[in-house]
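Me: I'm new to reading protein models. Could you walk me through a few features, one at a time?

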Amino acid sequence: MRRIAGIVLAVLLIGGVVVAVVAGRSNEDKGTATKTVRAVIGSEKAEFFAAPDVVKALAAKGYTVKAETSGSWAMEGLDLKGYDLALPSSQAPAAELAAKYKVTGALPRPFYSPLVVVAHKNAAEVLAANGLATLDEAHRGTLSMTAYLDAARADRTWQQLKGAQKYGELTGTLYLSSTDPETSNSGALYLAAASYVANGGKVVATDAEVDRTAPLLHKLVSVQGAQQAGSDAAFRDFVSGAGNPLVVVYESQVASLLADGQKPDDLVVLYPDTTVNSDHTVVPLTEDGKAVAELLSSDPKLRELEARHGFRPQGAAAEFASDTTYLKQELTGVRQAPVPTSKVLHELARRARG
């Protein structure tokens, strides 16, 4: 038996060497030798960097990006020695990383994506019937953040909403699922938007404002129990039908799903009437990282691919082509809430988690 296993292992090893040699020779023949750039990125961008068309476009410019995922706020606790760039999902964690690694100058922000709420169709229709949302397409609508926060303050349950009784899956407390705000960007930005509304349309900046909004934010988070560390897993769970019927994700995740040809009938995208844009921000740690950041910001082919994979390239709304049955081409009617300073947002997240 050991002899047979040894022969099989030897064959596999030889096969692996052959594949490696062939791959290397293929690259050599085509003149596409590339520099490898190590990157740590938010999980919602993993599919983008792994997509064959993106890999090919970067290789054409001389780069192979080897990406590893992390929660955006958790990057601050990583040792990024040996990495060429970090790409968290908003400016605040990027600024923290830039300060830590003494990166100076403006940080490139190649693309952005607003926070949205994905809802199962029955749940969206019940929200609309009770004044918490409006639907303007079969798979698209708007969530009233004021009405939602009022419902959260009152601990409203699905059973208290008219029309919910005929759907057995709509039971228990009404809430939006989000990621861990202490480690994940989407969870933190959800608190940024909620705190802005709870603070009367003003960004939370003082200790008194933190004290005033923290109890509601704690209620929004504590009702969820355990939270995902990244938005990618939360979105995958939703699409598979697991978990809560209302989940906070990035618009880009829905757009990427649609771009793959999937059009789930049981999915409605609700744009919060007050939301936050996630500005994906590059922290270049080496010259190669700086070069890739520049390509992501200005290369026409990569900008086209960013839009195709669901991100909105900075400075050109027209480049965002999407299925308007689910998504808005332009973000008219959606208020962008300013994000508190990193210090305040950290404190809001800490108090929300309790």
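Me: Let's start on the inside. By class, how many nonpolar, polar and charged residues does the lining of the largest cavity have?

Reply: First, keep in mind that this is a predicted model. Now the general idea: rolling a probe the size of a water molecule over the atoms shows where empty space is left. Here, the lining of the largest cavity has 9 nonpolar residues, 2 polar ones and no charged ones.

Me: Which residues line the largest cavity, and which element gives the largest share?

Reply: Look for L115, V116, V117, M145, L176, Y190, A193, V248, P272, T274 and T275. Strand 4 gives the largest share, with 3 residues. At least two lining residues each come from strand 4 (111-119), helix 7 (185-198) and strand 9 (274-275).

Me: Now a helix. What span should helix 8 have, and how far apart are its end C-alpha atoms?

Reply: Count on 1.5 Å a residue: helix 8 has 16 residues (207-222), so it should span 22 Å. Its end C-alpha atoms are 21 Å apart, which agrees.

Me: Where does helix 8 bend, and by how much?

Reply: At A214, by about 40°. Check what comes next, too: a proline, P215, follows within four residues.

Me: Which residues of helix 8 are buried, and what covers them?

Reply: Buried means under 20% relative accessible area. In helix 8 that gives you E209, V210, T213, A214, L216, L217, L220 and V221. So A214, where helix 8 bends, is one of the buried residues. The cover over the buried residues of helix 8 includes helix 6 (145-153), helix 7 and helix 13 (342-353).

Me: Last topic, backbone angles. What is the phi of K102, and where is K102 found?

Reply: K102 has a positive phi of about 55°, although it is not a glycine. You'll find K102 in the loop between helix 4 (91-100) and strand 4.

Me: Is K102 buried or exposed?

Reply: Exposed, because its relative accessibility is 71% and the cut-off for exposed is over 50%.

Me: And D155: what is its phi, and which loop does it lie in?

Reply: Phi of D155 is near 55°, again a positive value in a residue other than glycine. D155 lies in the loop between helix 6 and helix 7. With a relative accessible area of 42%, D155 counts as partly exposed.

Note on methods. Residues numbered from 1 in each chain as written. Predicted model: local features only at pLDDT ≥ 70, side-chain atom pairs only at ≥ 80, totals over all residues. Heavy atoms only, no water. 1 Å grid on protein atoms, 1.4 Å probe; cavity = no way out; pocket = protein on both sides within 12 Å on 5 of 7 lines; lining within 4 Å. Nonpolar A, V, L, I, M, F, W, Y, C, P; charged D, E, K, R; others polar. Expected span 1.5 Å × (residues − 1). Bend = angle between axes of the 7 residues up to and from the residue. Buried < 20%, exposed > 50% of the residue type's maximum accessible area, 1.4 Å probe, protein only. Contact = heavy atoms within 4.5 Å.
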